[in-house]
Amino acid sequence: MATEENKNTVAEETLDEVTEAAEEIVEEVPEKTAEEALKEEVDSLKDKLMRHAAEFDNFKKRNQKEREELYSTAVCDTVEKILPVKDNLERAVQAADAEEGGDCLKEGVKMILKQLDDVLAAMGVEKIKTVGEEFNPELHNAVMHEENEEFGENTVSEELMSGYLCKGKVVRFAMVKVAN
């Protein structure tokens with residue numbers, strides 16, 4: 001029995017030692033876990049903040065680009081509506097050149113036409129080059145073909161109606177006659 005009592009006593013002492021060691025470990029572990037949890041949460045929040053900041057920056061850039069495209073489209077639409085007026089002014093100047101006498105009218109129309117050209121140039125509108133240029137379907141609309149030895153093959157020989165670019169975008173294609 002004495003051995004059995006010794007065994008119980010040793011077992012109780014060992015149990016006490018293990019319990020004390022476990023309590024010490026349990027006390028230490030939650031502090032580290034809480035500290036680590038806070039660090040992880042801070043890192044997670046920093047990551048979220050950085051992602052949101054990048055998203056917002058991308059949003060601002062995309063919004064700015066969309067605004068610029070919208071403005072450019074609005075300007076080009078306005079220019080497209082103004083161009084027939086310019087065409088009629090050019091026709092008036094040509095008619096005045098053909099007629100004798102209308103010098104005052106001709107000079108007045110020329111001044112208005114020059115003013116309109118200046119306004120369009122300030123808006124970023126430029127005339128598409130045509131006569132003598134190689135035919136480009138992205139800029140020119142061929143409405144006639146002719147056999148003409150003066151010009152090379154696939155070269156614009158005559159401009160029937162002017163075409164215009166607005167900030168690099170075609171507002172109206174140039175109607176041209178192309179030499180074959």
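Author: We will start with the overall layout and then turn to a few residues. Keep in mind that this is a predicted model.

Reader: Ok, how many helices and strands are there in the protein?

Author: The protein has 2 helices and 6 strands. Along the sequence they come in the pattern α-α-β-β-β-β-β-β.

Reader: Is the protein a compact globule or more spread out?

Author: The protein is more spread out than a compact globule, because its radius of gyration is 42 Å, well over the 16 Å that the globule rule gives for 180 residues. Along the principal axes, the C-alpha atoms fill a box of roughly 145 × 40 × 15 Å.

Reader: And what share of the residues is buried?

Author: Of the 180 residues, 20% are buried. The accessible surface of the protein is about 13,800 Å², and carbon and sulfur atoms account for 54% of that surface.

Reader: What about contacts between residues at least 6 apart in sequence?

Author: Of those contacts, 61% join residues at least 24 apart.

Reader: Switching to charge. How many positive and negative side chains are there?

Author: There are 23 positive and 45 negative side chains. The centres of the two sets lie 11 Å apart.

Reader: Now single residues. Where is Thr130?

Author: Thr130 sits in the loop between strand S1 (125-127) and S2.

Reader: Buried or exposed?

Author: Thr130 has a relative accessible area of 6%, so it is buried, the cut-off for buried being under 20%.

Reader: Which residues does Thr130 touch?

Author: Leaving out residues up to four places away in sequence, Thr130 touches His140, Val156, Glu159, Ala174 and Val176. With Glu159 there is also a side-chain to side-chain polar contact of 2.7 Å.

Reader: Next, what is phi of Asn154?

Author: Phi of Asn154 is near 60 degrees, which is a positive value in a residue other than glycine. Asn154 belongs to the loop between strand S2 (140-146) and strand S3 (155-161).

Reader: How does Asn154 count in terms of accessibility?

Author: Asn154 counts as partly exposed because its relative accessibility is 32%.

Reader: And what is phi of Lys167?

Author: Lys167 is a residue other than glycine with a positive phi, near 55 degrees. Its place is the loop between strand S4 (164-166) and strand S5 (169-172). Lys167 has 46% relative accessibility, so it counts as partly exposed.

How values were computed: Residues are numbered from 1 along each chain as its sequence is written. This is a predicted model: local features need pLDDT of at least 70, side-chain atom pairs count only at pLDDT 80 or more; totals for chains, interfaces and linings use all residues. Side-chain values use heavy atoms; hydrogens and water are left out. Helices (H or I, at least four residues) and strands (E, at least two) are DSSP runs, numbered from the N terminus. The radius of gyration is taken over C-alpha atoms; the globule rule is 2.2 Å times the number of residues to the power 0.38. Buried means under 20% relative accessible area, exposed over 50%, partly exposed in between (1.4 Å probe, protein chains only). Contact means heavy atoms within 4.5 Å. Accessible areas come from the Shrake-Rupley method with a 1.4 Å probe; for residues, only the protein chains shown count as cover. Lys and Arg count as positive and Asp and Glu as negative; His and the chain ends are not counted. The place of a charge is taken as NZ of Lys, CZ of Arg, CG of Asp or CD of Glu. A polar contact is a pair of N or O atoms within 3.5 Å; within protein, one must be able to donate a hydrogen and the other to accept it, and residues adjacent in sequence count only if both atoms are side-chain atoms.
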